Amino acid sequence: MLLTIRKQLKSHPALIPLFFFIGGGAAMSLMYLARLGLRNPDVSWDRKNNPEPWNKLSPNHQYKFFTVNMDYSKLKKDRPDF
Amino acid sequence: MAHPSQLGFQDAASPVMEELLHFHDHTLMIVFLISTLVLYIIVAMVTTKLTNKFILDSQEIEIIWTLLPAMILILIALPSLRILYLMDEINDPHLTIKAMGHQWYWSYEYTDYEDLGFDSYMVPTQDLNPGQFRLLETDHRMVIPVDSPIRVLVSADDVLHSWAVPSLGIKMDAVPGRLNQTAFITSRPGVFYGQCSEICGANHSFMPIVVEAVPLEHFENWSSLMLEDA
């Protein structure tokens with residue numbers, strides 16, 4: 001199947017950018033789903049060893065993918081520990 | 001506040017709104033360029049006497065008109081996402097204010113240190129003083145210290161409302177039973193107007209929001225005065 005695609009791509013090189021951008025978009029969507037499944041504190045895959053991950057949140061954990069102006073590790077943690 | 005027949009945004013009073021303004025300029029310029037190009041092509045196609053019946057395909061131009069729009073979209077998306085994440089950062093607010101929407105007025109609660117709360121009704125048109133703005137002035141303004149990060153928790157007491165101040169770049173829905181958080185910092189002292197932005201009944205257009213940014217000493221004097229009056 002890949003061989004057929006390569007042959008057709010050689011005679012229609014205009015398809016290369018298309019593959020690149022559509023493939024990139026698909027890859028980014030899959031990466032987002034994977035991040036949601038693995039990093040979201042609402043998700044628990046192992047109910048025995050990790051029963052309630054939403055109770056393990058720390059005040060300076062960075063939940064967002066990208067920070068512009070903030071360094072979450074430098075946030076003051078001025079609240080009581082339970 | 002907005003001026004009659006104003007087309008663009010109001011002047012920015014917070015850094016986030018400045019970013020939004022610049023991003024809008026950048027994107028609008030791209031849009032104008034593309035629209036001008038398309039309009040020119042349309043006019044050229046429609047007014048020519050030449051015909052061409054023999055082009056079947058061309059790989060080169062197809063590559064160009066796939067790559068170029070993709071680049072333009074990336075050029076738009078990257079600043080947009082940066083501002084999106086910037087707007088979500090809450091960096092150590094100095095003050096937390098609760099803005100509660102009611103039918104048909106806002107009430108503000110400053111409960112960090114003392115128990116300060118007051119309602120903010122619109123000034124009816126017949127009670128306006130000369131120089132005041134119709135349908136925008138309120139009897140009590142939400143006074144905040146300038147240059148300090150402020151956190152606003154928005155909620156509602158009855159139906160949906162929305163707390164919006166365009167010159168600060170803020171709009172946050174007030175949902176009954178829910179606390180929505182937004183934060184801002186005013187870069188200059190001044191009075192900033194906004195209006196309720198979610199239909200909430202008969203007087204939805206008559207429950208404005210006025211934010212007044214003053215130096216810290218003035219804010220402290222104001223809050224002591226308000227506490228005495230209460």
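Of the area that chain B buries against chain A, 40% is supplied by Gln59(B), Tyr85(B) and Glu89(B), more than by any other three residues. The interface brings 15 residues of chain B into contact with 16 residues of chain A, where contact means heavy atoms within 4.5 Å.

The model is predicted, and local features need pLDDT of at least 70, side-chain atom pairs count only at pLDDT 80 or more, and totals for chains, interfaces and linings use all residues. Residues are numbered from 1 along each chain as its sequence is written, chains are lettered from A in the order in which they are written, and side-chain values use heavy atoms, with hydrogens and water left out.

Chain B is divided into domain 1 (13–86) and domain 2 (93–227), with bounds that come from an automatic or database domain assignment. The C-alpha centres of these two domains lie 39 Å apart, and five residues of domain 1 are in contact with nine residues of domain 2. The area buried between the two domains is about 540 Å², of which carbon and sulfur atoms give 55%; Ala13(B), Ser14(B) and Met17(B) supply 76% of the area that domain 1 buries against domain 2, more than any other three residues.

The UniProt annotation "transmembrane region", from an unreviewed entry, covers residues 27–51 and 63–85 of chain B; such annotations may be inferred rather than shown by experiment. Residues 27–51 of chain B are 80% helix and 0% strand, with end C-alpha atoms 36 Å apart, whereas residues 63–85 of chain B are 100% helix and 0% strand, with end C-alpha atoms 33 Å apart. Helices (H or I, at least four residues) and strands (E, at least two) are DSSP runs.

The largest nonpolar core has 34 residues, of which Tyr108(B), Tyr110(B), Met142(B), Trp163(B), Phe184(B) and Val211(B) touch the most other members. Such a core is a set of buried Ala, Val, Leu, Ile, Met, Phe, Trp, Tyr and Cys residues joined through side-chain atoms within 4.5 Å, buried meaning under 20% relative accessible area (1.4 Å probe, protein chains only).

Methods: Buried means under 20% relative accessible area, exposed over 50%, partly exposed in between (1.4 Å probe, protein chains only). Buried area is the accessible area (1.4 Å probe) that two parts lose on being put together, summed over both.
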